[in-house]
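Visitor: Hi, could you walk me through this one? I'd like to start with a sheet.
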Amino acid sequence: MSNVTLKVNGKTHTVDVDPSTPLLYVLRNDLDLHGPRFGCGLGQCGACTVIINGAAVRSCMVATSAVKGEITTLEGLSKDGKLHPVQQAWIDEQVPQCGFCQNGQILTAKTLLDRYPNPTDAQIRQGMAGVLCRCMTYYRVQAAIKRAAHAMVPTASASSKGGVA
Amino acid sequence: MNPFTNVPRQVEERLEHADWTTSRRDFLKTSGLLVVSFSAVAVASPFGSASETAARQGAGPYPDPDFKQLDSWIVIHQDNTATFYVGKTDLGQGTGTAFRQVMSDELDIAFDKTSVIMGNTDITVDQGGSGGSDALQVDGWPMRRVAAEARRVLLEMASVHFAVPVDRLTVRDAVISVTTDPDKKATYGELIGGRRFNVTLTGENINATTGRATVKTVQELRIVGQSPQRYDIPGKVDGSSRWAVDVKLPNMVHARNVKPPVAGATLIAVDESSVRDLPGFVKVVSKGNYVAVVSEREEQAIAAARQLKVNWKKPAAGVFPTSEGLFKYIRAATPTSSSKPSSSGDPDATLSTAAKLVEAEYEMPFQGHVAIGPAHALADPSNDQMTIYSNDMKSYGLRAGIAEFLQMPRDRVRVLWMDGPQGYGRTAADDAGFEAAFLAREVGRPVRVQWMREEETAWDTKGPAFTFKMRGALDSQGNLVALDYEARAADHGHLGYNEPDTVLVAQLTGKRRATPAAGSAATPSDMYVVPNRRAATHVVAMPLVWESPLRTGNLRDPNGPQVTFAAESFIDELAAAAKADPVEFRLRLLTANTADDNAFRRARSIAVVKAAAKASEWDTRPSPNPVDSGNIVTGRGFAYAFRNQTVIAQVAEVEVNRRTGRIWVKRLVCAHDCGLVINPEALRRTVEGAMLHGLSRALYEEVTFDTEKVTSVNWRSYPILTHADAPARIDVVLVNGDPTPDRPDLPHYGAGEAACKPMIAAVANAIYDATGVRIRRVPFRAERVLAALKTAAIA
């Protein structure tokens, strides 16, 4: 065990853990941040996604001591009590079923939109392909990404699929 | 003195944010209020930071809430809001929102002034949790009746208060006023807020629970049929929801299982010294063939479970036939049980004299629930009780099963149901709940257990594998005159829910029942009229029944997707043989002879089939479509099914890449009749998810195994549908095909899993339409499709 300092969602924390501990367990069990979830521990599903230095990272695969930048978890996505446009789009589109994977869907979508403010269908499919959902909400996730793109860049195409609650 | 079980909102709020040394029950005690059977400790989710010195459980015991007391179902608060307590769980399909809608409507209170608490065994009546898509079809009725009864009682109270007869009162949005003098008014909160109803209900069981009031007609309902947003979604989107997987208790420890490395292995010895010096090590628990490691921290338990040296004795030879040999095995096995065939007319004679005889066989492998988050639970053994925090959809069964397994009085055990990753059916959440309780007793501290990914994917219960043999006779006009169906399911030993003598820890510790369950193989669920028809089913056993990773259990719409894949593929083959359009061929079978008992179902089936065809702009012609010359060929497929009282018809439009064999379902249409729709937008999303779940099973899902173990153990070896496969367009058409569509008592049928049923067949039929090649073996992975195309010289 040794002290490791992490900056998460704007706050600095020092935790006393084995430095090789995957970041996921430190976030969940030491910092009480439950947005990231254990899904596979293999980097295959995306449920444990956090954002580090602007990139979507699988926290089950990263040793805590190896983290160099600031971490944003799902809890840190809203600013000043206002949901991020991606989160709002998720509510407007009523995306989740059970919701367990949605942390990874939302954070990966956020980084996708940072990179492609007006993504094509192909960019969405490719950019999101590694984030699995067992309730199969893919269709609504993709609709919500387009809705969020339009909210963030009003000139983006807003072809929301299907009906909207 | 009236005991206060109608707990005022400020008390509840205090409890929600209180430290967890105080349960609601204790709070009532310490407040000097009389403690009664109704308590609501789980109103607040019992976790949080260590500073919330959380979760010493209350003193108990936890008797079953009395379903014959109105107070067990509805609490009205002084601020004129209401909380509903129901014994169901919500797997993420919005049933909790729907319960609030139906109960708000009957109670006459605005939806946003209500909340609902579900599935906690000590504070909500036992409605069985979830299963069978019957939440609204069955359990919605007592909910409506008790809410209507509360409204009736409140009107009587207002009648006394204003000294006018009830028929001169008006009620709207939880305010009762004198009709002729609207300034005379009282809110529900003023009339009863913070106090008990003390009204006894009747009914010989929970489903029959009723008061004296009658429910509203469909025409009187105002909230039903609207689409309020699901209340659970904001917390799932901003990270504030607390799930079973998130619960933390003081002094809790973490456990990980060590499963037998191959099926049928027996434990020789565990070398505890191999992990004793690891940081945080607490204990190795070993009994029979069950082994788990307990450590202070989660990552420590994972490391210790990986490092633990266990000496297993493997069987002399592998026991399984391998997934490649599975269907040969099923066909050759002597059935462990066979149903008495259902038969009408003379199918043998008709088949032997048919103008055209069509025969086909179909194969469906084992498929898994494979939750996105592996099975987990936390059990707290404090106070000689057991509290289990679980996402198991049948919390009541989990409670009863654990009480029996641990031989504890039922009222010393409770299950607090919380959100979790769903697998829809008899998932390993059952197993993990028992394991947590078993380990908590062994360790004497709260134990959280979670399966690892390879454990979940390999050992989770499987939907049974099937083979099907079908024969059909067409007369000289192309009419279907005989249909013969024979199914074999590898389902012997099928696991029920939360059985204390079949859950995995019971099997591994040797506490298992003498006789495995018989299992079953289902028959097609349709309303076709065929004059000569037979359906026979057989169950076969895999070589290893107990302690097997190939154990079977209910998977969403158990057996429905398998059976409907064969049945609706075959109807399509018959239509093609008759050179008939697939929709027109089905409608011919549905319109024939509609005067029998099934006329009602048939009328609704016809409406749904027509609605799907219309919404998809169905191009009426026989399949297949002539293959053109490009790499991408397209086609459309149709399938229909009946599930309980819900009717579904689906159209899949596919692109088949002739070079790679890859299938992309670019558009899906579903016409869906589940009777009275409570929340159309939530229903649409449920149908979309169920269809794509079916699509995942059609295109990707297959449990693979060698002679000694399951080899599909993660998301690479057990692939599922991904974003790359999402259709470009999905249309869900909600149909009310009731022959008297305006009937005031239009029932609400089930919707959770019906849309899974026809999907695989719709895709198979579309592939045939696009290519002229019939794929009779699931899943339709690219390599299988490509091989079939090459065989047919299409690729």
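Guide: Helices (H or I, at least four residues) and strands (E, at least two) are DSSP runs, numbered from the N terminus. Also, this is a predicted model: local features need pLDDT of at least 70, side-chain atom pairs count only at pLDDT 80 or more, and totals for chains, interfaces and linings use all residues. Residues are numbered from 1 along each chain as its sequence is written, with chains lettered from A and ligands numbered from 1 in the order in which they are written.

Visitor: OK. What's the strand order in the open sheet of four strands in chain B?
Guide: The order is β24-β25-β26-β27 (chain B), and the pairing is mixed. β24 (632–643) and β27 (729–734) of chain B are at the edges with a single partner strand each, so one side of each has no neighbour in the sheet. On average, neighbouring strands of this sheet are turned by 15° against each other, direction ignored. That angle uses axes that are lines fitted to C-alpha atoms, for helices over the stretch in contact; angles run from 0 to 180 degrees between N-to-C directions.

Visitor: And how do β24(B) and β25(B) pair, parallel or antiparallel?
Guide: Antiparallel, over twelve bridges, with β25(B) covering residues 646–657. As a landmark, F642(B) stands opposite V647(B) in β25(B).

Visitor: Which helix packs on that sheet?
Guide: Helix α18 (residues 759–771) of chain B, which touches β24, β25 and β26 (663–673) of chain B. Its direction makes about 150° with that of β24(B). Contact here is C-beta atoms, placed from the backbone, within 7 Å.

Visitor: Now chain A. How many helices and strands does it have?
Guide: Five helices and five strands, in the pattern β-β-α-β-β-β-α-α-α-α along the sequence. Buried residues make up 55% of its 165 residues. The C-alpha atoms of chain A fill a box of roughly 50 × 30 × 25 Å along the principal axes.

Notes: Buried ≥ 20, exposed ≤ 12 C-beta atoms within 10 Å, placed from the backbone. Pairing = 2+ DSSP bridges. Contact = placed C-beta atoms within 7 Å.
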